[in-house]
Amino acid sequence: MTTVEFSESHDATDSHLGAEPTKADPEPRGSWGKFVLVLVIAAVVLIPVLAVVVLSLQPSLGSTSTATFTLENFVNIFSQTDVLLWLRNSMVTTLATVLVSVAVAAPAGYVLSRGRSRLISGFSLVLFIVQALPFVTAVIPLFILFANLGLVDTLTGITIIFVGFTMSVAIWMMAAYYDSIPINLEEAAWMDGCSVFGGFLRVVLRNSLPGILSTAIFAFLVAWNDYLVPLVFLRSSEKFTFPVGLQSFFQQNSTNWGLVMAVAVMMMLPPVILFAALNRYFSVGGIGGSLAGA
Amino acid sequence: MSTSTAGQGLTRARTGVAVRGSGPPLAPRKTRRPGASPLTLGAFAAPALFLVLLINLYPVIYAGWQSLRDGSLIDAGDFVGLQNYADVLTDPTFWAAARFTVVFTLVGVFGSWFVGLALALLLKTRFPVKNTFKLLLLLPWVVPVVVSATAWNWLVATPQSPLPILAEALGLGNVLFLADPLLAKITVCVFKVWISFPFMMMMMAAALESVDNNVYEAAKVDGASKWNTLTNITLPMISRSTYISWILMTIFCVNDFPTIFLLTGGGPVNATQTLVVLSYVTVFQNFQTGPGVAIAFLMTLVLIVISVALYRQIKKVQIL
């Protein structure tokens, strides 16, 4: 009861959209009052996001259209910007980051979850300290190192940094999920002659899909949204990912809101769709449990 | 479970029983469990350790060495001792940035916690289409910061923006949110709270779910008011999660770069400069690598000390 368990945060009643209204409601009138309250709060909070969408659908500067609603911005950005290139570069880096992050964090999280020794407590502390360090400290040494390795201005370079970025939280997330899997399962597998790695792969990992998805979503958001790393490490425009692409386009066309916001919509769609689809698997509450128990 | 003392943990470690998990404590095993030797566990952790060493620890050590030299991005430079630190520490810009970092962090942590907790409590109750709202309220955190900074720019930056027009209509005169130092500071802090509250909401919602409903029933039977239930039951029960969320958010705020850099670039006249932004600007815009790295390294040292202290504290936070 002391720690936030991963599994508790996505039980069935909470996670399925639309499951709620079908239930018998004890105080329907009070509930509708709350509905209005939350509606107002959400509307105020979401003004900036709504502004992006609305502006992207309005005629932009220099447009001959008099309509109040148009999709021409979404046609024009393909000819006037490198939006497809940014989309491709961001997709490549993000997917690579997700795959490598999960692959590296999955076994490391197992160590944190199952192992008990001073060395592992030390490992846990190192992860915590690393999470606390300002990245701006690491930027210049990494820039020099990567320059020597030929990794500056490459998507590989920023992918490696993103994976390093995600490590602490990704490991905590995996460990938090493993904690909810009884150790008896592995022990049974070991009794049957399974190796530790085999037990991990076939018993633990096979039952950890929510944990893996949670970690993957986190890594996706880090790689897709981060601004400082591509700003420093990407030099040529054909290597730009979305964050630096949008920002450079915004700086050159800051009054042409229709086009800028159309690019912004393109950039925010992938993480929003991903999060809307997989949101019930995502839990940051587990980090707390993982930290407190380590 | 996790409040078990170090002694217990050690005993269980020796007998090879996991300390965590929500089940009852397992009985000590007589035999060593097969397989999971230190070597195997080491191999499991090796790739992650390698990455952490390469991307996080090696650069920090290198930065420490570099902060003692007058080099640049391409040139190692000469050894200058503590000159960079002397330059930085006697510069009023540094202290202004340090002060604003503290303000920005305090507002960011407690502002987002307050909003996040209030919304988590609200979302705990039942009302129509609740789950859609839950998802919508996470958007500020999911939407890339480059996009939201662009949107906030449109909202506040120029005299033609909606908020300045609204302020003028309300008779507040010509309000320039990002041109006035104090207003720019407030705007940046509000922007940070706006970005961060969904994270707090998720942390707090997960913590609230772990509180046993019977406790609330009992309080109701005893005639406790809603406010009393909140301050005497709910908040103490989620104190550990609250503490952890404060620590994580402190780290996020202190190290935050894009929120400020994209909205104001540290201006007007350095008013919204935090140490991270100052360090970046010093290195990449003023091309003073030595002092810039010295600022970053000072922050790093302070953060290491603070994080180790906070980390030890996590296990001591009492529940109820």
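**Notes on the A/B contact and the core**

1. Starting with the interface: chain A puts 91 residues into the contact and chain B puts in 96. On the chain A side, helix α14 (residues 257-278) supplies the largest share, nine residues. That side of chain A is made up of 65 nonpolar, 17 polar and nine charged residues. Bear in mind that this is a predicted model.

2. Now the core. The largest nonpolar core runs to 176 residues, and those with the most contacts inside it are A:A105, A:I171, A:V263, A:A264 and B:M204. The top contributor here is helix α8 (residues 181-209) of chain B, with 18 residues.

3. A:I171 is worth a click. Setting aside neighbours within four places in sequence, A:I171 touches A:A105, A:A108, A:G109, A:L112 and A:L127, plus B:A48 from chain B.

4. On chain A as a whole: you'll find 15 helices and zero strands. Of its 294 residues, 51% are buried. Take the chain A contacts between residues at least 6 apart in sequence, and 80% of them join residues at least 24 apart.

5. Back to α14(A), this time for its packing against helix α3 (residues 47-56) of chain A: the angle is about 120° and the axes are 7 Å apart. Angles of 65 to 115 degrees would count as roughly perpendicular and those over 145 as roughly antiparallel, so α3(A) and α14(A) come out as oblique to each other. Their crossing is left-handed.

6. As for who meets whom, α3(A) brings A:V52, A:V53, A:L55 and A:S56, while α14(A) brings A:W257, A:G258, A:M261, A:A262, A:A264 and A:V265. By class, this contact has eight nonpolar residues, two polar and no charged.

Note on methods: Residues are numbered from 1 along each chain as its sequence is written. Chains are lettered from A and ligands numbered from 1 in the order in which they are written. This is a predicted model: local features need pLDDT of at least 70, side-chain atom pairs count only at pLDDT 80 or more; totals for chains, interfaces and linings use all residues. Two residues are in contact if their C-beta atoms, placed from the backbone, lie within 7 Å. Helices (H or I, at least four residues) and strands (E, at least two) are DSSP runs, numbered from the N terminus. Ala, Val, Leu, Ile, Met, Phe, Trp, Tyr, Cys and Pro count as nonpolar, Asp, Glu, Lys and Arg as charged, and the others, Gly among them, as polar. A nonpolar core is a set of buried Ala, Val, Leu, Ile, Met, Phe, Trp, Tyr and Cys residues joined through C-beta atoms within 7 Å. A residue is buried if 20 or more other C-beta atoms lie within 10 Å of its own, exposed if 12 or fewer, and partly exposed in between; C-beta atoms are placed from the backbone. Axes are lines fitted to C-alpha atoms, for helices over the stretch in contact, and angles run from 0 to 180 degrees between N-to-C directions. Angles under 35 degrees count as roughly parallel, over 145 as roughly antiparallel, 65 to 115 as roughly perpendicular and the rest as oblique. A crossing is left-handed if the near helix is turned anticlockwise from the far one by less than a right angle, and right-handed if clockwise.
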